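Student: I have a structure open on my screen and I'd like to learn how to read it. Can you walk me through it?

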Amino acid sequence: MAGRIASSLITALGSTHLTQLLIQRSYRQYEDRAVMLAQNTSEWNKMHHVILERLQNSPLFDLEHYVRNLELLWRTMWEIHAVGLPPRPIKLELSYQGNSTK
């Protein structure tokens, strides 16, 4: 389960290089890749740089943007309730403009 979550997060960063480098099909492949990265500091540093860059520009890790949209949903739910309407599905049109904290 944790491996699938990690794979999803890596994939969400949108880097084919990271996906190919870090997501392995077997424990043996994973172990071999870990040893390779431990022995190859230039590849490790490149990977680390790409991860940090992708994290800074990913909507998945933009907490301020996430909170702003969550608050908008809560406000919309309250407005529906306040006028006496029953609960209903709410569709929020999202447009991501980049990490607002950077």
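This is a predicted model: local features need pLDDT of at least 70, side-chain atom pairs count only at pLDDT 80 or more; totals for chains, interfaces and linings use all residues.

Student: How many salt bridges does the count come to?

Tutor: The count comes to 3 salt bridges.

Student: Next, helix packing. At what angle do the axes of α3 and α4 cross?

Tutor: For a pair of helices, look at the axes. Those of α3 and α4 (residues 41-56) come within 5 Å and cross at roughly 100°. Angles from 65 to 115 degrees count as roughly perpendicular, so that is how α3 and α4 lie to each other.

Student: Which residues meet there?

Tutor: From α3, you'll find Met-36, Leu-37 and Gln-39; they meet Thr-41, Glu-43, Trp-44 and Met-47 of α4. By class, this contact has 4 nonpolar, 2 polar and 1 charged residues.

Student: And pockets? How much space lies in the largest pocket?

Tutor: About 210 Å³. Then check what lines the pocket: among the residues are Gly-3, Ile-10, Arg-25 and Tyr-30. Two elements, α1 (2-12) and α3 (27-39), each give two or more residues to that lining, with the largest share, 4 residues, coming from α1.

Student: What classes do the lining residues fall into?

Tutor: They divide into 6 nonpolar, 4 polar and 1 charged.

Key
Residues are numbered from 1 along each chain as its sequence is written. Side-chain values use heavy atoms; hydrogens and water are left out. On a 1 Å grid over the protein atoms alone, a cavity is a set of points where a 1.4 Å probe fits but cannot get out, and a pocket is an open set with protein on both sides within 12 Å along at least five of seven lines; lining residues have an atom within 4 Å of a point. Grid points are joined across faces, edges and corners, and a volume is the space filled by probe spheres set on the points. Ala, Val, Leu, Ile, Met, Phe, Trp, Tyr, Cys and Pro count as nonpolar, Asp, Glu, Lys and Arg as charged, and the others, Gly among them, as polar. Axes are lines fitted to C-alpha atoms, for helices over the stretch in contact, and angles run from 0 to 180 degrees between N-to-C directions. Angles under 35 degrees count as roughly parallel, over 145 as roughly antiparallel, 65 to 115 as roughly perpendicular and the rest as oblique. Contact means heavy atoms within 4.5 Å. A salt bridge is a side-chain nitrogen of Lys or Arg within 4 Å of a carboxyl oxygen of Asp or Glu.
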